[in-house]
Amino acid sequence: MLEVEGLKYRYPDGHAALKGITFTIHDGEKVALAGANGSGKSTLLLHLAGALKVQEGRIAFRGDASQESLRRNIGLTFQEADDQILMPSVLEDVAFSLAAGGMPVKTAHERAMNILASLGIPHLSSRPPHKLSGGEKRIVSFAGILAAEPEMLALDEPSAGLDPRARRRVIEFLRNTHKTILLASHDLDMALDVCGRAIILHDGQVSAAGKLPELFMNRELLESNGLELPLRYS
């Protein structure tokens, strides 16, 4: 489904953020992407969503390596939810991509309400996004991506700012969805609840990859990559 081969990226200041990333994700897989700050996780996700142009290497979704294919098929939630919420109300924001794509506004709003309900936040539909808590904004940004119905989700720190109840709702949704997921997070316990496989990045390279939970039970491996054991194993 998704193939990443020899992906390299250097920022304008000369910093090499990605140094030859290679991996494959198959239909329906839920894969965790772990790594310390600065390991290249967010830069990689921006490439997968077509927000950054490939400088060297290749990314292909179902064999199509165009940026348009990535933008159309992979939905990205940013690490900062405020970067993704633009409209005056939560309902309008979640329905935005649908209405912009030509769907009648009434139908778009109905579908957006169904998504909000599935995430347990229909009561936020009329609220101005700027008055939401950080956790509420996180779930609303997630709902907006789901509305566009991408084939794959690329999630950058999806548990950031969530209270325990909201975190549990997101975990339950991700576990039950049939969508392919790449979940980038420091929350290794959430990754264990959702994913069956993990990729660990270190200094812009794939340092390790393997099945869960085994990979996240290896204290020495995690510590060598700037990570700590999940709470359930510590």
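Which residues lie nearest the centre of the largest pocket? They are Gln 84, Ser 97, Gly 144, Ile 145 and Ala 148, out of a lining of 25 residues. Please keep in mind that this is a predicted model, in which local features need pLDDT of at least 70 and side-chain atom pairs count only at pLDDT 80 or more, while totals for chains, interfaces and linings use all residues. Residues are numbered from 1 along each chain as its sequence is written, and side-chain values use heavy atoms, with hydrogens and water left out.

By pocket I mean an open set of points, on a 1 Å grid over the protein atoms alone, where a 1.4 Å probe fits and protein lies on both sides within 12 Å along at least five of seven lines; lining residues have an atom within 4 Å of a point.

The largest pocket has a volume of about 650 Å³, volume being the space filled by probe spheres set on the points, which are joined across faces, edges and corners. Two or more lining residues come from each of α2 (67-73), β5 (74-77), α3 (90-100) and α5 (134-147), and α3 gives the largest share, 5 residues.

Turning to the second largest pocket, its space is about 200 Å³, and of its 17 lining residues, Gly 38, Ser 39, Gly 40, Lys 41 and Ser 42 are closest to the centre. Both β2 (16-25) and α1 (41-48) supply at least two lining residues there, with α1 giving the most, 3 residues. Helices (H or I, at least four residues) and strands (E, at least two) are DSSP runs, numbered from the N terminus.
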